[in-house]
Structures are given as C-alpha cells and as structure tokens.
Amino acid sequence: MSDTHSHSVAYVRESMLPEQEPPASAVGVTAWVRENLFKGWANTLLTVVAIYVIYRLLAGALPWFLGGIWTTSSLAECREVLQGATGGCFSVLTERWNQLLFGFQYPSDQYWRLILAFLLLGAAAAPILFNHLPRKMLFFTALYPFLAFWLIWGGTILAPVMALAGFVAGFFAYKRLEHQSVAMGALAFVIAAAVTWWIGGFISGAAPGLLALEPVPSRDMGGFMLNMILGVVCVSLSLPFGILLALGRQSDMPIIKWICVIFIEFIRGVPLITLLFVANVVLAYFLPPGTSFDLIIRVIIMITAFASAYIAEVIRGGLAALPRGQYEAADSLGLDYAQATRLIIMPQALKISIPGIVNVAVGLFKDTTLVSVISMFDLVGMIRGPILASTEWNGVYWELWGFAVFLFFIVCYSISQYSQWLERQLQTDHR
Amino acid sequence: MSTLSDPPAESFRLSQLINDTRYRSITFQFLALILMVFAMAYLGWNLVQNLAAAGLNISYDFLGEPAGYDINQTLIDYDSRSSHWRAAMVGVLNTLLVAVLGCIMATILGVFVGVLRLSPNWLVRKLMSIYVEIFRNVPVLIWILIIMAIFVAVLPQPRDFRGDTPEATMLFDLFAFTGRGFYLPGPGFSAEWAAGGTGWLIVIAIIIAATIGTRKLGAWASKTQEATGLRPTTWYITLAIWLVPLLLAFVVMGLTWEIPALKGFNFQGGIFMRNSLIALWFALSIYTAAFIAENVRAGILAVSKGQTEAAASLGLRPKRIMNLVVLPQALRVIIPPLISQYLNLTKNSSLAIAVGYMDLTGTLGGITLNQTGRAIECVLLLMLFYLMISLGISAIMNVYNNAVKLKER
C-alpha cells in the first residue's frame, strides 16, 4: 500500500529540517527587555518614569557621596576644603565614630571590652541561628550573658559567676525533682537559685577586687551599643515570657486566662513611649522605698513587658493554627500537659510563629530608638544631642542620619532575610 | 459466688488538689490569684510609702488649674490661661488630626505601591520593593527627624517671600510652602449666625444626610432591579443629593476663602499647618505605607488565579470580575492588617514629641507632667486615652471580621 502512496504524491521530505534559531526579538536580553520593560505604551511610560526617578536619585546622591570629605575636624573646615563643590562632610563619622557606636561617656581605653562582647555575641548566637553547627557551642551561648555582663558593666567577675551558679544550682534541683512533677521542679529551681544568690551576694561582696574590670555605670552606656544591648536583652527575655503568656491565654483556667488577656491587651493598646514614661517617672514609685534601679534596668523591664505581649500574640496565632488532632494525639499518648506542650505543641507552634517573632524582634530593635525621647543617649540620642548640638558639627544632618539609616537597615534587613532562609529550612511539608 | 460490691465512694482527699487533674487547675488558679493579690498589695504599699515620703497624693485637681503654656497648633480655642484639661483636649484633637490625615495618605500611597509591586514592569517592581524594604527596616523616629530636617533645610523661610524680587513665590498666590509650615486658604462663613462652629456643624449634618440618602437610593434601585430586571439610572440623583444642599448651604451662609498674605516677617490668615505637623504626617504616612503595600500585595496574591478565570468563564465582564469576585476576597485578607496598621500609626503618632508637635503626649505627657509633677496621674490618663482608641478600633475590627468571615457549616 505504501508504494501506491509514494507514487501518488509528487514529493515527500524524508528527513527533518534542522530547527531554526528563534528570532532575535524572542530570546536573550532583547526579549527580556521587551517583555519586562517595554510591553505596551503604559509599561513603557512606567519604565521612563522609573528611569527618571533613578536618575534623579543617583544624580543627587552620587556626587555628594563620591565628593565626600572624610578627614576634617569640623563643618567649617569641610566647607573650606570643598570650596562650594558638591560633597558630603563625612568626617563627622570618622571623627565621632566612637561616640556614635559607644556613646560619649564610656571610658575610651575600655572600648576593647565592648568590641570583644560584640564579637562573642556572634559566636554565642551562631549555634541558635544555624542548626548544623556543633551543639556543644550552646554551652558557650549559655555562658555568654554572664560574660557579656562582666565585659560591658565591669566589676568583679564573682557577681556574674555567682548569678550563673544560682542558675546551675537551680537546674540540678529541677532535674532531681522533675520526675515528680514539673511544678515541683520549678519550685525547687526557684528555691535553690535564690539560696545560691543569697550566699553568692556575700561572696562577691567579700572580694570585690577579684578579676575586676573597671566598673562602668549604666548611665554611661550610649550610642548604637545601647540599641544593641536593649534589643538583644529584651528580645531574649521576652521570648520565654511571651510563651508563658500565650499558654496562659490559651489555658482552660479562667483566672489565669483573664490575667494574661488583660496584661496583653493593655500593653498592646498603649504606645511604647507611654511605657517608657512609666519607666522614667512612674516605676520608681512602685519599687520599695530606698531602692534605686538604674534607668536602663527600668527601661529593660518595660520594653520586655511590651515585647512579651506582642510575642505572646504571635505565638497564640501559632498555637491556634495547630490542628486540634495534635493536642488529642498527645493526650492519647498519655503525655501530661507539660510534656505535651514541650514535646508536641511548642516545637510546631514556634515553627509556625517564626516569621511573626522575627517581625516583632525587628520592630522591637527599631523601637529601641525611642529611648532617646526619655533622654538616654542611644544612636539617635547621640546624633540629636551631643553631636548636632556641638559647635563643630552643627548642621551636618544628611551624613549623620544617612549613617543611622544605613546601620539600622543593615541589621534589620539581615534579620528578616535570615528569617526567610530559616523558614525555607524548616519547611517540612511538600508544597 | 461473687457479689457485685458498690464502687468505692468518691471521697475527696487533699492530695487530689495536687495530683488529680480535675482539681489541680483550681489549686493553680488559687495560687495565681494569691500571688497576684500579694504583688498588687506589695506595689500598692510601696506606692503609698513613696508618696508619703515625697509628700504627694493622688489627685486630679491640677486638671482644672491654668496651664500657663502656649500651644502653637490648635484646633479649638486655647490660650495659656486655659486649664490643663483644655490643653489635654487640644492634644487629643491634635493626635486624632495627625492620625486621620496619616491614615488617609498612608492608605493611598500604600495601595498605589502595593499594586505597583505586582506590576509587570521589572524596573518599577524593583524600585517599589527597594522603597518598601528601606522604609520598613529603619525606625520611624529616624524618618520623622529626617523629614523634619529636610523641611527646615529645603523649603524657603517666610522672609524669602518678601521684596520686589523674592527668592520664593506662592503657588497660584494661594498656597505658601515655607520651612515654618504650610499656609493654605481657609474657608469661613460670612453670615453672622454661621460664623462660629455652627456653619461647620450644618455642613457635617448635610454630609451625613446625603450619605444616608445615597444609601437609601441604592437600596431602592436594587429593589426595583430585582422586581423589574431593570436598574434605574441614579447617578444624577446621587449627584443632586450631594451637591444641591451643600451648594445651597454655602450660598446661604456666605462661604468665603481667607487667603494667607505676607505681613511683616510672617504669613497671616488662612490655615496654618506647622512644619512639625507636616513632617510627622508625611513620615508616618510614608513609613506606614510601606507596611500597607505589603498587606495589599499579599491580599491580591491571595486571590487565586482560578477565581478570575472561573468568573470569566461564567461570562462576567472584567469590571464585574474585579468588583464581585476579586475585590471582596482580597479585601477580606487586606482589611484586618490594614486596620492594625492604622492602630500602629495612631500609636506611633505619639512620637510627635520628638519634633515638638503638641499631641496628647506633648501636652499631657510632656509639659503638663513636667510643670505639675503629677507623673502617675498624667501617665495614667495618657495610657487610658490610647487604650480607648485601641480597644475601639479592635471592636470595629471584630465586627468587620465577623461580617466577612467565610460562612461555613
């Protein structure tokens, strides 16, 4: 049959033609540009507007940045060097570098302590942030708060060591009684820790000179370091409190639930600045007469309360998002409330809450600038106060604020990028 | 030969309070309550002792005393002889003013940016995400201070408008943008009986009436449509409902515009918006808009493409697809976070104190507190005010959420 067919048609191609190259307008850069920048007149118009905006921004910023002066000692000198040319006076950054980072009262021969504490912070945070690092590094993380306190505030090393000893004693007491019930364990923890601290107070009081660094009072902290201290301390403290508050709010016990609800809603309903006012002028009335807490500690208390309420709400969202079956499965395995929460509920709820927690952390870190309003000299306070008010640098707005924007952007943007990375790492469902 | 014995009678033993989950919660709650009461009592006792030591008491009498300080931006009559309570009210209104202005501008800007972030144009998309990232990741306090600095540095001072060849001119001879603030034409009423607040009350009443009228009209039109299948044309009636009474009222009351004019070293007349108000307004709007843009983007992305396609396959036209299918679903995702952004903006407006705008934090929590030394009372009132606003907005949000939530079985 095929013969007849081949005879009936005049010509049959017996081999495939080679594929032709796609037209130049459909591949490579040209196609991308056509598709993404000049598709239709509206799109083209947008592109033109966008290019104009970018041009204006660059034309304004680049000469100013590239023509900047980095080595003079006052604005007047800067203007002399520039002689009317465009350029920023970045020498304010180099000249006041230490003030911007560490405040203006920290003894300058002790800066190494702050730098060391900052570097160690990286080492301490690493095993928490990156799961594949050796777990033994967590020991250092546990030691870090005490080490950092010693480095930053100075004084005898006995005080932080005794504080640590209290926690260790509490931990062993908890381990001994844990098998009875978690509540008993917690009670034992509190008692053992309190006793150790009480004894420790005498010991560190007896030898105030042992391995002592020059003590620095809290009011001398300042600059970006103060933002870092407040941010790191308050976020780490508010996580456990936030978890407790969230569990309390979800609990079946009406009294505990309502205590938590009122606390959370009250804190979330008022601006942070009113809480800072409380720390500044009101809190002292509620503390025992004769005691005087540092302003920085009062601020830490209030910011931690603030952040805990927000973190509690985030974690409550995570708890609510867990399917009911998880709770029931834990019950059917015979786990009690503490075990179920620790082993089944919290790991999943926290995983769901990671983006929210990071948002709160970033927000909190940004909010630490508010302490400048109650006259603490953090980065913003340093810029507004001692630097812009000085005769040498009066009027150098752009360079200083640009630097502040840059610092905060770097920190906050990296945190949010990290959280996105972590979310991808923890994703166990197949979507 | 076994007899069934009764199960052992349930007798309550004290150890059940710790070991029996049925009773343990009562123990815990009791302990929590005791602890709570003790903590409260302890703090209260400290307070009493501290107040006694300082020779103070808790009293709100200071609110009736003359404030003795001036406020440079007020919506209601105020001078330095007015009471502290009046100053606080000025502050409340100023807070609400900047919050409302900020919410409006942040919404407009945020929706605009959020839509552009989904634009097919790569360059615009990138530009918008840079904007969002930069503004979201830097404290709002810094933005407020930067914009304030820009205002003072870039805009001309009122004195630059003087002389025969001034360095700066007014826009259309109506608006003057100076580093000290914006001067705008202010409406007023020439009829004597409408000169005070009365005229504005009448205008507000007319607007409310017109809103109700328009809604009634819409309901009537829908009813007619359901009955007859034809929707009556109503747009000119709507227009009339809105415009005719308003125009009539303006003519009767004699609407006049007061144009700001340069007198001496400053502008006089019209509406004056201080630089601190404008800097705060812009900064809060731009900052919040970055967050709103993300919400809008997420909301639009949350409506799956299948919805649009399904609607199209039913034969709906693009405009109706947008109005009937996409928007209702997107809004359900967008509005709750949008309202909480409004709340954040209102709370952030308390940063006004950094640029010297006299909102409630500036008056009651600032100067009044410092002058009278009544820290506890002032801070308490301040917190109560913000708490009221927050709880009010949360209540509205709950009503809305209940109205739009998916009606499931």
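Visitor: Is the crossing of α4(B) and α8(B) left-handed or right-handed?

Guide: In this predicted model, α4(B) and α8(B) cross in the left-handed sense. The term applies because the near helix is turned anticlockwise from the far one by less than a right angle.

Visitor: What makes α4(B) oblique to α8(B)?

Guide: Helix α4 (residues 122-136) of chain B packs against helix α8 (residues 275-302) of chain B at an angle of about 120°, and their axes are 9 Å apart. Angles of 65 to 115 degrees count as roughly perpendicular and those over 145 as roughly antiparallel. The angle therefore makes α4(B) oblique to α8(B).

Visitor: Which residues of α4(B) and α8(B) meet?

Guide: From α4(B), Tyr131(B), Val132(B), Phe135(B) and Arg136(B) take part; they meet Ile286(B), Tyr287(B), Ala290(B), Phe291(B), Ala293(B) and Glu294(B) of α8(B). This contact of α4(B) with α8(B) comprises eight nonpolar, no polar and two charged residues. Arg and Glu count as charged, whereas Ala, Val, Ile, Phe and Tyr count as nonpolar.

Visitor: How many residues of chain B are in contact with chain A?

Guide: The contact joins 47 residues of chain B to 44 residues of chain A. On the chain B side, α2 (21-54), α4, α5 (140-154), α11 (360-372) and α12 (375-404) each contribute at least two residues. The largest share, 13 residues, belongs to α2(B). By class, this side of chain B has 33 nonpolar, 12 polar and two charged residues.

Visitor: Into which domains is chain A divided?

Guide: Chain A has domain 1 (27-66) and domain 2 (155-212). Taken over C-alpha atoms, the centres of these domains of chain A are 63 Å apart.

How values were computed:
Residues numbered from 1 in each chain as written. Chains lettered and ligands numbered in written order. Predicted model: local features only at pLDDT ≥ 70, side-chain atom pairs only at ≥ 80, totals over all residues. Domains from an automatic or database assignment. Axes fitted to C-alpha atoms, helices over the stretch in contact; angles between N-to-C directions. Helix = DSSP H or I, 4+ residues; strand = E, 2+ residues; numbered from the N terminus. Parallel < 35°, antiparallel > 145°, perpendicular 65-115°, else oblique. Contact = placed C-beta atoms within 7 Å.
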